[in-house]
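The following exercises are to be worked with the sequence and the structure at hand. Each task is followed by a solution in steps.

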Amino acid sequence: MNYPFWEVSTLGGGLLIAIVAILHTYVAQFAVGGGFFLVLAERRARRERDMAMLDYVREHTRFFVLVTLVLGAVTGAGIWFTVALVNPQATSILIRSFVWGWAIEWVFFILEITAALTYHATWDRVSPKTHELVGWLYGAGAWLSLAVIAGITSFMLTPGRWLETRSFWDGFFNPSYLPTVLMRTGVSFALACLYGLLTARKVVPLESRDRLVRYCAGWLFPAAALLVVGGLWYFQTIPESSRAMLTGGAVAMTLAFAASLVLSAVLFAAGYFGLYRNPRSYSVPLAVLLLVMGLLATGGGEFAREGVRKPYILYGYLYSNNVYAGQEQLIRQQGFLTTARWARLDSHEITAANLLEAGEEIYRFQCASCHTLGGYNDVTPLVAGWPREFIEFQLQHLNTVKPYMPPFVGTPMERRALATFLASLNEPQAQATAPAVTLASGY
């Protein structure tokens, strides 16, 4: 299929999606771990007759509902809005391939919302046993929602047998599905601990706060175990090219991955040697610092996970510039502009008169999904000082020189047109950038 796409020339479409998606991940992961955190804390407080801790759980529930249901809903809708505009081709494939998966996830999501609101509204209005049951229903709904979404997001990097069968089950239960579920569950537990510590400052007396701090820090132990087991398993299931990017093949991905590992190790060490063994070391600045470290570790991991799909959006199936894998030779024979139905040129024939215009059009089709002119991942400094002939040579061997980039597809004249446009960026008058948001075309 061929859709127009939304070109975000300052941030770039990929970075815009990453910003919204990572923000949603912070909330969504907390929504999963926080549900179990609440009901287990309530159960412990009632068992130990710790009224201070029970009051904390009641107050934390309000904070939990506001963050997960309000901010979570807004960022969740934001993801769909941005991906559908920036990359409608991949969005269409995910919807058509997993329509029943999305429907099932909505069932769990409705259970999650209903249970969360009921849990918050029925404090002291129903029996403790019934109230805890509602909490368990929320936790189950939230985790099942995670389990469904994990099948679809992990599919994008490891589609497995789906590439041959197009089967829902082959795509959903792909090679990296189970390790993804383990890792996301571990992150959820860790974030539940960190958000819990942030709201623990109001608990008095100190003995009750100490018990609460130890309880929160204790969630880091299963989180660490799940992340180590799931992470090692995940690393073995992803494609070899993705592993290479994480271990030095792509600087940005390697740095994000390394930062996530280092921050996670420091966080778990501080949680154990500091808060768990010495709960009196708790302070609000420390809680804020640990939360920031946890969010940065999570964000770095998510950024690396998304980035190692390059040069694909759907690994082995759809390139990041929306060209289907396997159609490269056909497009080279027919011409790229003749097969792109949203091309803005009046004529698909490239001549000396429209060479620069055709090159800019091809740039928008094949480059603008990842690069910008003057913004994030700016293409201008990447070709600074390069003559047209050298750029054309690079384009001819693009995916060999830079394996994380999709191959250029088009006729020799189209390749020359793109090289001409990129070389023109070295000229002073070409430094002006396009408007912040424009409608362009996508193949």
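**Exercise 1.** Determine which residues make the nonpolar surface patch of about 290 Å².

*Solution.* Step 1: Select residues with over 30% relative accessible area and no salt bridge, and join nonpolar side chains (Val, Leu, Ile, Met, Phe, Trp, Tyr) within 5 Å. A salt bridge is a side-chain nitrogen of Lys or Arg within 4 Å of a carboxyl oxygen of Asp or Glu. Step 2: The patch then consists of Val-284, Val-288, Val-292 and Leu-296. Step 3: Val-288 lies in helix H13 (residues 284-307), helices being DSSP runs of H or I with at least four residues. The model is predicted, local features need pLDDT of at least 70, side-chain atom pairs count only at pLDDT 80 or more, and totals for chains, interfaces and linings use all residues. Residues are numbered from 1 along each chain as its sequence is written, and side-chain values use heavy atoms, without hydrogens and water.

**Exercise 2.** Is Met-253 buried or exposed, and which residues does Met-253 touch?

*Solution.* Step 1: Met-253 belongs to helix H12 (residues 251-276). Step 2: Met-253 is buried because its relative accessibility is 6%; buried means under 20% relative accessible area, exposed over 50%, partly exposed in between (1.4 Å probe, protein chains only). Step 3: Leaving out residues up to four places away in sequence, Met-253 touches Met-245, Leu-246, Phe-303, Ala-304, Gly-307 and Val-308, with contact meaning heavy atoms within 4.5 Å. Step 4: Met-253 and Phe-303 are 50 residues apart in sequence, and their C-alpha atoms are 7.4 Å apart.

Notes
Patches are made of residues with over 30% relative accessible area and no salt bridge: like charges are joined within 9 Å, nonpolar side chains (Val, Leu, Ile, Met, Phe, Trp, Tyr) within 5 Å. Accessible areas come from the Shrake-Rupley method with a 1.4 Å probe; for residues, only the protein chains shown count as cover. Helices (H or I, at least four residues) and strands (E, at least two) are DSSP runs, numbered from the N terminus.
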